Structures are given as C-alpha cells and as structure tokens.
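The following report concerns the structure shown below. It begins with strand pairing and then turns to a helix and to the chain as a whole.

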Amino acid sequence: MNASRRAFLMGAAALSAAVVTPETVRAMAALTATADWALATADLEADIAPRVMRQVHGRAPEGLEGALFRNGPGKFRRPGGSATHWFDGDGLMRAFRVRDGQATIEARFADTAKRRHETALGAVVTPGFGTVGDSRAQVGSPDDANAANTAVLPLGPEVWALWEGGSPMAMSADDLATRRIVTLRDDLKGMPFQAHPRVDPEGTIWNIGLAGDRMIVWRLNPDGGLRSADIVRLPRAGYMHDFTASARHLVVVLQPWVFERDAMPFMNRFAWKPEMGTQVMVIDKADLTRTRIFELPAFSYFHLGDAWEDASGAIRFDLAAGRDVTFAIDGARVLVEQRGTVPGEPASLSLVTLHADGRAEMVSSGVTAEFPKANPRMAGLTRRHTSHVAGETGGRPLPTGLSVHDWETGRSDAFDFGDRQIMEETVWVPKPGRTGELDAWLVAPSINLAEGVTELHAFEAGRVADGPVVTWRADVALPAGFHGAWAA
Amino acid sequence: MGIGERAAVDAANGVADVRGGEQAVVIGAPVVGAPSSHGMTAMIRLSMLAAAFALTAAAAPALADPAGSSLTLTFDTAAQSGKVMVALYDTQAAYDGGQPVRVAQVDVAGGAHDAVFSDLPAGEYAAKTFHDVDGDGSMDKNPFGLPTEPYAFTNNAVGNMGPASWDRAKVAVNGAVAQTIRLR
C-alpha cells in the first residue's frame, strides 16, 4: 500500500469514527460484505480435469453433439498484488463436451508469459486493461502482457485463445494444453488479433487488430491459414472491442472513446467525448480501399451482432448499446472487488440501419441486453432473430436469464432463472439436417449461486420461454467466462 | 500504442543504437499516440556496423594486464541463418543513449554462436543484441512497428514496457565471464 493510500484510509477512518450511527454501520457492512455474485470473479487455483456433469433437469436433445469452448478470466488475486479489473484475469479455457446425452466439463489455464512470471513472483505485476502493475513487470512485447482470456476460435485439432492486444494462443482442442503463440506470417509477428472474428457464408474468417488509427484486416481460410492481411486507416483512434460483417462488407463502429494520452493502464489512454458522436465505417470486402462513413449519435458498446444487407442496399446490424463507458472503467473494477454496487447502466439491444443514400439511424428495442448472438447459418445473411442475456439491472449487472428477440415482430421469447443464477453468453447450435433460422439449440453455462456450482443448459431457440430442455450440473464453480464457440 | 508496443519499439531502437560515426538512418511514420522519441523506428545498416568495427579496432590501444577480463556471449538462436548483432556498453549513460564500447557480429549462418569480448577492463557491462535472421542488415518490423526478429539483452533481461534497463541487463565482468543469451 503506498503512502498516499494509507493516509487516505487513515483519514477516512478518523472521519467515520466521528459520524458512526447504526444506519451508517449497516450501510458500511453492506458495502464491505462480499457480494452474493462473488463467484463470478472468484479465483480458480488449479486446472479442472475432465469430469462428468450430473444431469439434473430434462433430457438431452437428440443430435446435440459437440464441444462448447469458452474463455474468460480465471484468476485475479495473488498474495503480492492482484489484478484490479475484470478484463485482466488469467485466461482460463473451458470445454463442455456433449456426447451421447452426457456432458463433461474441464478447464485449463493458458500458459502465458504473464502467468508464468506472476506465478513465480506470487504477485500480479503486469500492466493490463485496468490493472496498473508495478516495476517488477517484464513486458518486452505485447505478447508478454497477453492474458489470452477473452474469446476462442476453434480450428479442428486446435482452439485459439484470443485476447485483443496480441497474438492468438494455440491450445489443443483435445486436452486444452497450450501449444504456442500463433504467428500467421513471419513479417506479421506480434500484430494484434482481436476477440471477435467473423465467419462469412463461405467459411472465410475475418478479424481486425488495432494500433491507434490503423487497423489490420486479417482474412483467414477456414483452417486458420492466412489468406491476406491489409492495413486500413480509420477516421479516429479509439477503443474498439468488436466489429461486424455482412456478406459483402466489414462494419467498424467508432465510439467516441478516443485516444487522448499515452498512458497505462490501457483504459487510461482514452477519453469519452460524446460530442464527437459515433461513426460507422463500412469497408468493401472485395476492395478494402472502398469505404463509407456514417454518422450516428453517441453511444458506447462492446458487442455487435452479425450484419446483413437488404434488397435496398441498406446494411443492418444489431448491438448492445450503452450510454457511456462507466461499466468499462468502474463497473469492471467493482466486479473484481466483489462488494458494493456495480457502476454502469446495462446496455440495450438496438438496431442500426445504414442506408445506401448515406443516412444512418439507430433504434432501441428497449430491452436490456448483452452478448447479442445469431444463428451462424445466417452469418452475413438477412435474419430476424438475436439471442442475448437478460436480467441485468443497474447496480447488479449480472444476467439472470436469456432471450431471443425478433426484429420483425419486436417480441422477446425470454426465460429468467432469477437472481440465484448468473447466466453466461449463449451460442447457437444449428440442428443437423435442418435449415430454419430457429432450428437450433441455445447452449450456455450459468453459475448457480444457490448450489455454488457451474451448470450447462440447452434451450430450443424457438421456445426459450419453456425453459431449458436439459440442465447438467458440475461439482465445481468456474468464474464467469466472456465468449465461446461451438465445435461440432 | 497497445500494451507492450512501446516496449518493443524502444527495445528495437535501443538495439539499433550501433553507430559508426554516422547518424542512424531513421525511417517510418511515427506510431500514432506514441511520444515522438519512442515512435520512430531506426534502421541498422551493415555499412554502419562495419564502420563501427573499424573505428573500434583503430581506437583500441595496446593495454597491459588491467584490461585482462573478458565476456563471452553464446547465442541460443531459433534460426540458423543470418547474423547476431551485438552492441556492448560499459556505462549506464552509454547504454541509455550513447555509444557502445565494442560491437560484434556473430555469423550464425556460418556456424558461429559466440561473441567474445577480450581485453576488457574489469567492470560492469551490458549488451543489446538482435538476430538479423534474413541478413538484410536491419531489425525487421511488423506494420505496427514492432520487431519481428528476435532481440535480447544480457542476463536475458526483459524490460518493463521498454528495453531492459541497465540495472536488469548489467553483468559484473571480472576475469573471464560467460553467458548464454536466448534469441528465439
């Protein structure tokens, strides 16, 4: 603890001693009590070897076979110093494997330079998105700070752990052992590969990476081999976690959280300037020099849904739109502190239309939402349904259920578990041999706070309100993950 | 610049600090957002390195025993092509922004792996090294200005968002001292 912090706390203690009342004591107790949702950001102390999950509800649907890989921070705290932001925990790769009606769970930490160094020191010292770090850090290149903790890209025998400031980390799909840092081409070593690759209808994988106002556009073959890499200039340098794509275009959303100063931790580089509005840049996949800019009122975001073109030439996409970056800066810090009220308003599911004549508008569904996802069969194609987590409230931004929104009718098909469950992002698993947009299962884990364990659920995408068709329960709780993908 | 980008650009600039009485050729656009002193990439030219060799050789006096120490750096390289470029510094001031006291090239393609600095006065030294894998005479960079060829410092020291500091990289040289440096 540094001298100024110690002085502050001693001053605060002296002040509180002068004004303590029973109400104050109760309020202070509530503030200092560990939150009921603390399992979401607990530390896992060791890998979880594969074990069978117990079926506790319903029946496994016929034809649901494959693996759900998920990634998310699994450890934050060490005796000599801790990560202070949700985005900085050590990457924990999870696999839920469903076969013959049975589900297994396993989890293994990505073997990163950061984790090796901090394990040896017994302290988190590496600067991160929100964590300051200290002088013991060893960062000679971005991959020395790579937490490999945000998302996954399954590629046959491998699954890549994705971050956003560095390279993918290749892990074995079979046993989640870390294999290597991925360099897609020697002259592109260390170029950033973000957490939300988009797959187009032909199976080509698109992704981006950022440095200031320059963006690398990655194009990979379905097997993960590099097809092309190009640098595109952006109209502003800012923070961007996601991008989206239609069949023919890449869509880059430039919120007004713009580069202001060279500083660490990473989030301190940016300033929220709503007067700049939010810009959307559309890039022609066939010619990356052909770009168009659209202007929208200011909003913040982390996650976008797949985009589509309609007959009029308009491009549409949905997203979880926020008012500002309070959650990113403060909310994600409080989640790791595990006490008190979490700052930041929940986002709303909204639809952006970019017209061929240059006009743009965004309409809100009014529905609180995060992690918007669509049927991968529809990637880049005209669609109407979006799944999302639901139930977040101001002060407790942890989802308690999920929903499928229909943009044509404006209706939500929703199921809520109540606040004894923390719902995680859901993936769509298209039903084999079927073609309809809702011919799919929605598969997602949750943290059952009452039982203190992780569960895995499958829903019918067309009948979410009926509740899960099957629930399996583990004998261990994994901290909440961010993003996942299904591998059939 | 993202996390670690400035570290790598600084490290590259540090390693590329070998001068032979010529100005280092500075190329490339400043990386957006980086302070200008860290944002420029520097290019090593073989001719500059050769000139550095010539100057050093010409300047070396014939000394008696007070300069009887040596530092041998053995390089563990991933690639077996090209050359390892080494710049050796004898003070923190020189390491941080001045001239190397010795330089060396290790012909990895020709089977060599060691740089031997003999006849050194006993004292503290630190080296900045990089493996010019493709033999083009310069530290290759990716489009965002980060080195794509391996670089390293004595003690295999790693920097904290920059080149390894003198404190982390310095080696006490008294008598014959040897180290293995990883360039992978």
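## Strand pairing

In this predicted model, Gly401(A) has Asp416(A) in β28(A) as its bridge partner. Strand β27 (residues 401-406) of chain A is joined to β28(A) by five bridges, and the two run antiparallel.

Both strands belong to an open sheet of four strands in chain A, ordered β25-β26-β27-β28, with antiparallel pairing. Because β25 (370-373) and β28 (412-416) of chain A each have a single partner strand, they stand at the edges, and one side of each is left without a neighbour in the sheet. On average, neighbouring strands of this sheet are turned by 15 degrees against each other, direction ignored.

## Helix α4

Helix α4 of chain A comprises 12 residues, 326-337. From its first C-alpha to its last it reaches 16 Å, close to the 16 Å expected at 1.5 Å a residue.

The buried residues of α4(A) include Phe327(A), Ala328(A), Val334(A) and Leu335(A). Strand β22 (315-322) of chain A is among the elements that cover the buried residues of this helix. Just after α4(A), Gln338(A) adopts a positive phi of about 65 degrees.

## The chain as a whole

Chain A contains four helices and 34 strands. Its C-alpha atoms fill a box of roughly 70 × 50 × 45 Å along the principal axes.

Buried residues account for 50% of the 488 residues in chain A. Of the contacts in chain A with a separation of 6 or more, 57% are between residues 24 or more positions apart.

Note on methods
Residues are numbered from 1 along each chain as its sequence is written. Chains are lettered from A and ligands numbered from 1 in the order in which they are written. This is a predicted model: local features need pLDDT of at least 70, side-chain atom pairs count only at pLDDT 80 or more; totals for chains, interfaces and linings use all residues. The expected span of a helix is 1.5 Å times one less than its number of residues. A residue is buried if 20 or more other C-beta atoms lie within 10 Å of its own, exposed if 12 or fewer, and partly exposed in between; C-beta atoms are placed from the backbone. Two residues are in contact if their C-beta atoms, placed from the backbone, lie within 7 Å. Two strands pair if DSSP finds at least two bridges between them. Axes are lines fitted to C-alpha atoms, for helices over the stretch in contact, and angles run from 0 to 180 degrees between N-to-C directions.
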